[in-house]
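This report goes through selected local features of one chain. Please keep the sequence and the coordinates at hand while reading.

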Amino acid sequence: PLAVAFATAPSSDLRRAARPLVARLARRDEALSARLSRELIDSLFRASPDDAYPKDIVDLLMEAMPERVAALDAGMLWRLLQARAKGAQLLGSTELVRRPFGLFSVRQIARLGDHPHRAARDWALAAVRAEPARFQAEAADAVLLVESDWPETRAVAEAEFDRWPQEAWSPETIAVVTDSVRPEVLAYARRLLRSRLTPEDAPAQLARLLEHPAQSMHLVATELLTEDAAAGEEAFEKLLPLARIVMLQVHKGRVAKDRMTAFLRAKAARDAGRAARIAPLFADLSLSGTQRDRAAAILALRDIAEAHPRIATPLVRRAAPERAAP
């Protein structure tokens, strides 16, 4: 207990002065070495008395009892890495770089891309580079690396993922990225959708995007608006609320608004059932939009009335006034 008290003292000077004593004791007695290492590691999970404490204890462990640290199993190492205490994080990241990449799962490695210590983040990225086939086989877990708070980690991860073959990008994998709500991740998601999405997967992705809360994804959703992609009733049901959000914006989202207007206008002209559900949206737009939007809405309502006379619209046809002969 006295040796531990010296090694974990509130004073950094005393901790460093006790290091040779602890090292000698650890070398003399294996059982004592095990007890000392356990006590010191446990102390790293608690609040540190000062900023130097984590490094002092980690340096002591690596100098006096390196074999004890090397003997930590994967479960304990993961607990150190995921701890909130800075000392535990430091010991975990210090030991991690000595371990093989197969120690943790793909999902765990992806989570390490957000670790506070750069050593752990770099180890995770090195694992992706060293074993591309392994990470491509579990791509939906691997792409969680792009959720890192560290810009340099995201940049390296995206560069590695860009080298993946097309077959690695399943709809489920793309969906992991598009489901994010972080602007920096959504920028990558938009690039993925434009470069990796296959036509046959467009309907499923459109259905997901129609539920996405981020306004930045509205433009991408309108890029996927095709007759086939929105043919299903489920997709159409999701489309109408988003269409109302996009089309009733004022002075924003012009490209998305024009695409949505053109799509719904064409859809209404061909399908009476859907025209009846689209007409109220154009009626609202004809009253509340900008002059350009009101004009587009009135033309759409005119087309609906001509194609489907039984559908009520707010338009009233008036005969052209007769002009008196000169």
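Which residues does Ala168 touch, not counting residues up to four places away in sequence? The model is a predicted one, and in it Ala168 touches Gln136, Ala139 and Thr173. Ala168 is placed in the loop between helix 12 (151-162) and helix 13 (171-178). With a relative accessible area of 11%, Ala168 falls under the 20% limit and is therefore buried. Val4 is 164 residues away from Ala168 along the chain, and the two C-alpha atoms are separated by 52 Å.

**Helix 13 and helix 14**

The axes of helix 13 and helix 14 (residues 183-196) come within 8 Å and cross at roughly 150°. Angles over 145 degrees count as roughly antiparallel, so helix 13 is roughly antiparallel to helix 14. On the side of helix 13 the contact is made by Ile174, Val177 and Thr178. Helix 14 contributes Val185, Leu186, Tyr188, Ala189, Leu192, Leu193 and Arg196. By class, the residues of this contact divide into eight nonpolar, one polar and one charged.

**Ser33**

Ser33 lies in helix 3 (residues 30-43) and counts as buried, at 2% relative accessibility. Its side chain makes a polar contact with the side chain of Arg68, at 3.3 Å. Leaving out residues up to four places away in sequence, Ser33 touches Ala26, Met65, Glu67 and Arg68.

**Aromatic pairs**

A pair of aromatic rings is described by the distance of the centres and the angle of the planes. The count of aromatic pairs comes to five. Two of them are tabulated here.

| Pair | Centre to centre | Angle between planes | Class |
|---|---|---|---|
| Phe104 and Trp123 | 6.3 Å | 80° | edge-to-face |
| Trp164 and Trp169 | 5.4 Å | 40° | tilted |

Why is the pair of Phe104 and Trp123 edge-to-face? Planes over 60 degrees apart count as edge-to-face, and the planes of Phe104 and Trp123 are at 80°, so the pair falls in that class. The pair links distant parts of the chain, 19 residues apart. Phe104 is in the loop between helix 7 (86-96) and helix 8 (106-112), and Trp123 is in helix 9 (residues 118-130).

Are Phe104 and Trp123 buried or exposed? Phe104 counts as buried at 2% relative accessibility, and Trp123 is buried with a relative accessible area of 5%. Ring pairs also link Phe104 and Trp123 with Trp78 and Phe101 into a cluster.

How values were computed
Residues are numbered from 1 along each chain as its sequence is written. This is a predicted model: local features need pLDDT of at least 70, side-chain atom pairs count only at pLDDT 80 or more; totals for chains, interfaces and linings use all residues. Side-chain values use heavy atoms; hydrogens and water are left out. Helices (H or I, at least four residues) and strands (E, at least two) are DSSP runs, numbered from the N terminus. Buried means under 20% relative accessible area, exposed over 50%, partly exposed in between (1.4 Å probe, protein chains only). Contact means heavy atoms within 4.5 Å. Axes are lines fitted to C-alpha atoms, for helices over the stretch in contact, and angles run from 0 to 180 degrees between N-to-C directions. Angles under 35 degrees count as roughly parallel, over 145 as roughly antiparallel, 65 to 115 as roughly perpendicular and the rest as oblique. Ala, Val, Leu, Ile, Met, Phe, Trp, Tyr, Cys and Pro count as nonpolar, Asp, Glu, Lys and Arg as charged, and the others, Gly among them, as polar. A polar contact is a pair of N or O atoms within 3.5 Å; within protein, one must be able to donate a hydrogen and the other to accept it, and residues adjacent in sequence count only if both atoms are side-chain atoms. Rings of Phe, Tyr and Trp (its six-membered ring) pair if their centres lie within 6.5 Å; planes under 30 degrees apart count as stacked, over 60 as edge-to-face and the rest as tilted.
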